[in-house]
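Have a look at the structure first, then read on.

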Amino acid sequence: MSEKFENEMKLEFLSKSSNEAFARIAVAAFASQLDPSIEELADIKTAVSEAVTNSIIHGYENKTGMVKIIGKLIDNKIILEISDSGKGIENIDVAKEPLYTTKPNLERSGMGFTIMESFMDKVEVESILDIGTKVTMEKKIKKEDLLKEESKCTSQDELIHATNE
Ligand SMILES: Nc1ncnc2c1ncn2[C@@H]1O[C@H](COP(=O)(O)OP(=O)(O)OP(=O)(O)O)[C@@H](O)[C@H]1O
Ligand SMILES: [Mg+2]
């Protein structure tokens, strides 16, 4: 393992919908090492749920395969790679569009990627037909004292500006 990473984990499980909660909780336990707020943790759990559900429902459809999650913690950032060896996505740009779904009959709303993008800082999708799909997501955890520092800086900046004017 390279020295750059503070921590790393790998999780592999069968594409059964009962494992979706397992994946969400396991990733949350790993992410909690960064001391996230309840809201930040909820964002990560929701994004993981969406990506894992996609692998199970779209990637493997009626078949069973393995879903893999690699998690990395670097400084105050979590990086998650969620992948499957399923059917793949034909057009990633179209798939990412809000409300686009290939399974409207299964009460899918086509909002999975949009949700991942709004809850995480960065979302990248790589996919090859009949080979599989990999979603890489990143989120910076803002530590409470850091936030306080930031707001302190802003008010000091404002003070300097006000004095200069
Ligand atoms: N892992 C995957 N393998 C194959 N196709 C995928 C995968 N993930 C997403 N897709 C394709 O991208 C489309 C859009 O995914 P998205 O998660 O945004 O919506 P959805 O899963 O259809 O609906 P929702 O997530 O709102 O229930 C899916 O309908 C599917 O065609
Ligand atoms: Mg989805």
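1. By class, the shell around ligand 1 has eleven polar, five nonpolar and three charged residues. (Ala, Val, Leu, Ile, Met, Phe, Trp, Tyr, Cys and Pro count as nonpolar, Asp, Glu, Lys and Arg as charged, and the others, Gly among them, as polar.) That shell holds 19 residues, the closest being His 58, Thr 101, Thr 102, Arg 108 and Met 111; a shell residue has a heavy atom within 4 Å of the ligand.

2. A word on the basis: this is a predicted model, where local features need pLDDT of at least 70, side-chain atom pairs count only at pLDDT 80 or more, and totals for chains, interfaces and linings use all residues. Residues are numbered from 1 along each chain as its sequence is written, chains are lettered from A and ligands numbered from 1 in the order in which they are written, and side-chain values use heavy atoms, leaving out hydrogens and water.

3. Now the polar contacts (pairs of N or O atoms within 3.5 Å). A polar side-chain atom of Thr 102 comes to 2.4 Å from an oxygen of ligand 1. For the side chain of Ser 109, the distance from an N or O atom to a ligand 1 oxygen is 2.9 Å, and for Glu 50 it is 3.4 Å.

4. Which element gives the largest share of the shell around ligand 1? Helix 2, with five residues. Helices here are DSSP runs of H or I with at least four residues, and strands are runs of E with at least two, numbered from the N terminus. Helix 2 also gives the most to the lining of the largest pocket, seven residues.

How values were computed:
Polar contact = N/O pair within 3.5 Å; in protein donor to acceptor, adjacent residues only side chain to side chain.
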